[in-house]
Amino acid sequence: MTISANNSRKVLLYIVYGEDQIYYDGAIFSFLTFKYWQSENNIEFVVMTEMPEKFSTYPFTVIKMSEAQKNDWSLDGKYHFRIKNRGLAFVMDRLQLEESDRILFLDTDTYFKKSPLQLFDLIQFDQALLYLNEGLIYKRKRFSIYVENLEGISITAGKVDYKLSKKTALWGSLMIGLMGNMRQSLDWADELMLQLFDLVPAHTIEEFSLSEILLQQFKLIEGKHFIRLYSTSRKKEYARNILSNFFKDNSSLPLNDQVKLAQTVKIKRSLFMVLKQRFLRLFSN
């Protein structure tokens, strides 16, 4: 069933916590590069964060993350990736999203050099959006830990009896697009994740659980072609100073000026910088 994008709310969400300034700079920069392509004020920008004051000069609806929530959702710091699932569920409830509303979550290390608006159109009643299909579990050696620990095991999560299959793939979740009718899947995915936490020693069980539960009822589609990112440690190291300097020079400017200037920022590393970082890393070990 296809629903017109004009008939529902559209929410763009960031979840930001911790002490590292790059996550806060990254969320605001991502927002600025997204807003560049927005011609109408038909998208709600929401951030859930430990530090609301860092977003006070930007047009976000800010939801405070308490210390108790952070501890609960991260299993007392044992698995902070769980905050993504629980934070997304909390925000959907807090905003009282209807079944036909759309919410698009982005990690903070994302930005846009072409229009991302079609991402909302890819979110449908029968179709969720994730960043990337990283490949079949049974075909990729780096995913073998799932086969080794889950093959032949049946797990009940919500109303789903889950088993690993030959078609199981790992989907990256730095982008998650859901409709309101998918809200229950977040709770079922969390139930599966909590059981995998004791079974599979991997840091990807959050995204694995979400995609496997969503696929019980919905199709999945990739959003990788619309987005740029700097998620690896060296890319993030390079982006840190660029973003810090950008906000040092421009944070006092009017929003429209910041939006325009953000599009001129180059985060992609040159070949020289890639080689330099490798050289420095090699001789620092």
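How much space lies in the second largest pocket? About 160 Å³. Before selecting anything, note that this is a predicted model, where local features need pLDDT of at least 70 and side-chain atom pairs count only at pLDDT 80 or more, while totals for chains, interfaces and linings use all residues. Residues are numbered from 1 along each chain as its sequence is written, and side-chain values use heavy atoms, with hydrogens and water left out.

**Stop 1: the second largest pocket**

Select D161, Y162, K163, L164, S165, K167, T168, A169, W171, E212, L215 and Q216 to see its lining. A pocket here is an open set of points on a 1 Å grid over the protein atoms alone, where a 1.4 Å probe fits, with protein on both sides within 12 Å along at least five of seven lines; lining residues have an atom within 4 Å of a point. A volume is the space filled by probe spheres set on the points. Strands β8 (160-162) and β9 each supply at least two lining residues; strands are DSSP E runs of at least two residues, and helices are H or I runs of at least four.

**Stop 2: the largest pocket**

Now go to F81, K84, D107, D109 and L174, the closest to the centre of the largest pocket among its 34 lining residues. Its volume is about 900 Å³. Colour β9 next: this strand gives the largest share of the lining, four residues. By type, the lining divides into 17 nonpolar, nine polar and eight charged residues, with Asp, Glu, Lys and Arg counted as charged, Ala, Val, Leu, Ile, Met, Phe, Trp, Tyr, Cys and Pro as nonpolar, and the others as polar.

**Stop 3: M179**

Stay on β9 (residues 169-179) and pick M179. Buried or exposed? M179 is buried, at a relative accessible area of 0% (buried is under 20%, exposed over 50%, with a 1.4 Å probe and protein chains only). Its contacts (heavy atoms within 4.5 Å) include M92, E99, R102 and F125.

**Stop 4: the nonpolar cores**

Select I103, Y146, L178 and F208, which have the most contacts inside the largest nonpolar core, a set of 51 residues. Such a core joins buried Ala, Val, Leu, Ile, Met, Phe, Trp, Tyr and Cys residues through side-chain atoms within 4.5 Å. Helix α6 (residues 183-197) gives the most to this core, six residues.

Technical notes:
Lists of a residue's contacts leave out its neighbours within four places in sequence.
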